[in-house]
Amino acid sequence: MYNFADVNLKTLVVHSVGNKVQEEGMKLSKAPIQVEEEINTLLLKYFLSPFKSEVYYTFFHDADLNLNELFNYSCKIFSDPECFFLQSINITKHLYDSSDHHNIKGGEFYLTYMENCILDGEYVDAIGLFKSENKDTYLKVYQKTDNFDIEADHGININKLDKGCIIFNTETEKGYKVLIVDSTNKSNEAQYWKNDFLKVKPREDSYFHTQNYLHLCKDFCDEVLTKRNEVEKADKIMIMNRSLNYFQEKETFNIKEFENEVMEGPELIQAFQTFKNDYIARNNLNTYEEFDISESAVKSSKKIFKSILKLDKNFHIYIHGNRDMIVKGFDEERGLNYYQLFFKEER
């Protein structure tokens with residue numbers, strides 16, 4: 001867990017980065033800037049409030065971690081914070097070199113050195129990298145003698161950070177713990193921030209493993225437990241419910257225990273194992289057969305599990321409990337399917 005309640009913005013540098021393909025160039029500052037306390041508070045809100053996820057990343061490189069540019073610059077800064085401005089220029093040049101698609105927007109690039117970030121109960125320093133790519137139009141109303149006047153202006157909305165990254169000074173040998181925000185990553189070229197500039201991958205922790213297995217279970221139900229494989233929708237929903245309940249009720253995950261409690265039966269277990277191996281290879285994942293379950297990962301992934309059985313446009317049945325209490329049949333006289341629901345009392 002992280003907390004920015006006590007954070008101190010020690011150093012702030014602002015550069016401007018354009019699109020390299022369009023030869024827009026860079027505009028580099030001559031020195032760090034000092035801001036008034038009120039602006040400092042607004043900047044911290046702009047920089048830090050978008051970070052809500054507990055998904056951590058780490059720097060990586062296929063050959064050698066030290067060849068990752070951002071990792072290298074971060075190591076130098078954390079070793080000697082006095083070199084922050086010099087390294088801010090190197091980082092900005094690297095961002096410009098990474099902005100090599102014609103759709104990438106230029107903008108202001110903010111680099112900060114922050115103190116007193118709380119990470120897992122301890123104070124650590126951090127490097128913040130933030131980029132604004134979009135401007136909003138604002139109306140300014142002001143009094144002019146005995147009347148009012150209105151002007152339009154363009155500026156940055158402090159509630160809409162386009163791209164951000166926070167590098168915590170911890171776990172150096174693993175590539176640091178990194179948080180990222182990218183609100184404009186819908187197209188492949190927009191993912192340059194994560195893939196080309198930062199070169200980060202998800203940190204393999206309990207959150208990572210929990211989330212992966214939950215998505216694996218959801219995809220297994222959607223792709224394997226289908227009518228094509230003679231699996232009724234109600235049975236699929238019950239297995240999805242059992243999968244989610246397992247993660248909600250247990251503190252640790254064990255693959256054998258999970259298969260026996262959730263899949264129930266050698267044929268279904270075999271189908272799940274086959275799908276799991278293919279899923280791991282397809283997504284290039286490292287998975288573990290036992291790990292601590294992340295409560296926050298379960299909470300964030302819960303929304304993908306739908307326990308609703310939709311019948312035409314007339315009825316929705318929410319299935320939460322005993323599968324034996326719902327029976328499917330076919331009415332030959334009407335030529336329609338039906339469900340029988342058994343219960344003890346209405347509520």
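Modeller: A residue is called buried when its relative accessible area is under 20%, and exposed when over 50%; in between it is partly exposed. The model is predicted.

Biologist: Which residues of helix α2 are buried?
Modeller: In α2, residues 69-79, the buried ones are L70, F71, Y73, S74, C75, I77 and F78. Residues three or four places apart in an α-helix point the same way, because there are 3.6 residues a turn.

Biologist: What covers the buried residues of α2?
Modeller: The cover includes the helices α3 (84-98) and α4 (192-198). It also includes the strands β4 (57-59), β5 (107-119), β6 (122-132) and β9 (163-168).

Biologist: What makes N68 a cap of α2?
Modeller: A side-chain oxygen of N68 lies 3.0 Å from the backbone nitrogen of L70. The cut-off for a polar contact is 3.5 Å, and the 3.0 Å pair is within it. The capped end of α2 is the N-terminal one.

Biologist: Why is T92 called buried?
Modeller: Its relative accessible area is 0%, and the limit is under 20%, so T92 is buried. T92 sits in helix α3.

Biologist: Which residues is T92 in contact with, leaving aside neighbours within four places in sequence?
Modeller: T92 contacts H15, V17, M26, L28, F109 and L111.

Biologist: What makes K20 and D97 a salt bridge?
Modeller: The closest N and O atoms of K20 and D97 are 3.1 Å apart, and the rule asks for a side-chain nitrogen of Lys or Arg within 4 Å of a carboxyl oxygen of Asp or Glu. The pair therefore qualifies. K20 is in the loop between β2 (8-17) and β3 (26-27) and D97 in helix α3, 77 residues apart, which links distant parts of the chain.

Biologist: Are K20 and D97 buried, partly exposed or exposed, and how do you know?
Modeller: K20 has 34% relative accessibility and D97 has a relative accessible area of 41%. Both values lie between 20% and 50%, so both residues are partly exposed.

Biologist: How do you know that R203 forms a salt bridge with E171?
Modeller: Their closest N and O atoms are 2.7 Å apart, and the cut-off is 4 Å. R203 lies in the loop between β11 (200-202) and α5 (206-223), and E171 in the loop between β9 and β10 (177-182), 32 residues away in the chain. R203 and E171 are both buried.

Biologist: What does the salt bridge of K236 with D222 tie together?
Modeller: The closest N and O atoms of this pair are 2.9 Å apart. K236 is in helix α6 (residues 233-249) and D222 in helix α5, so the bridge ties parts 14 residues apart in sequence. K236, at 12%, is under the 20% limit and so buried, whereas D222, at 31%, is over it and so partly exposed.

Biologist: How many salt bridges are there by this rule?
Modeller: The count is 17. Salt bridges with shared partners make one network of K131, E133, K163 and D182.

Biologist: Why are β7 and β8 called paired strands?
Modeller: Pairing needs at least two bridges, and β7 (residues 136-144) and β8 (residues 147-155) have nine, so they pair, in the antiparallel sense. K140 has E151 in β8 as its bridge partner. The two strands form a hairpin with two residues between them, and T145 in the turn has a positive phi of about 55°.

Biologist: What makes the nonpolar surface patch of about 280 Å²?
Modeller: I33, V35, I39 and L42 make the patch. I39 belongs to helix α1 (residues 37-48).

Methods:
Residues numbered from 1 in each chain as written. Predicted model: local features only at pLDDT ≥ 70, side-chain atom pairs only at ≥ 80, totals over all residues. Heavy atoms only, no water. Buried < 20%, exposed > 50% of the residue type's maximum accessible area, 1.4 Å probe, protein only. Helix = DSSP H or I, 4+ residues; strand = E, 2+ residues; numbered from the N terminus. Contact = heavy atoms within 4.5 Å. Polar contact = N/O pair within 3.5 Å; in protein donor to acceptor, adjacent residues only side chain to side chain. Patch = residues over 30% accessible without salt bridge, like charges linked within 9 Å, V, L, I, M, F, W, Y side chains within 5 Å. Areas by Shrake-Rupley, 256 points an atom, 1.4 Å probe, with all protein chains shown as cover.
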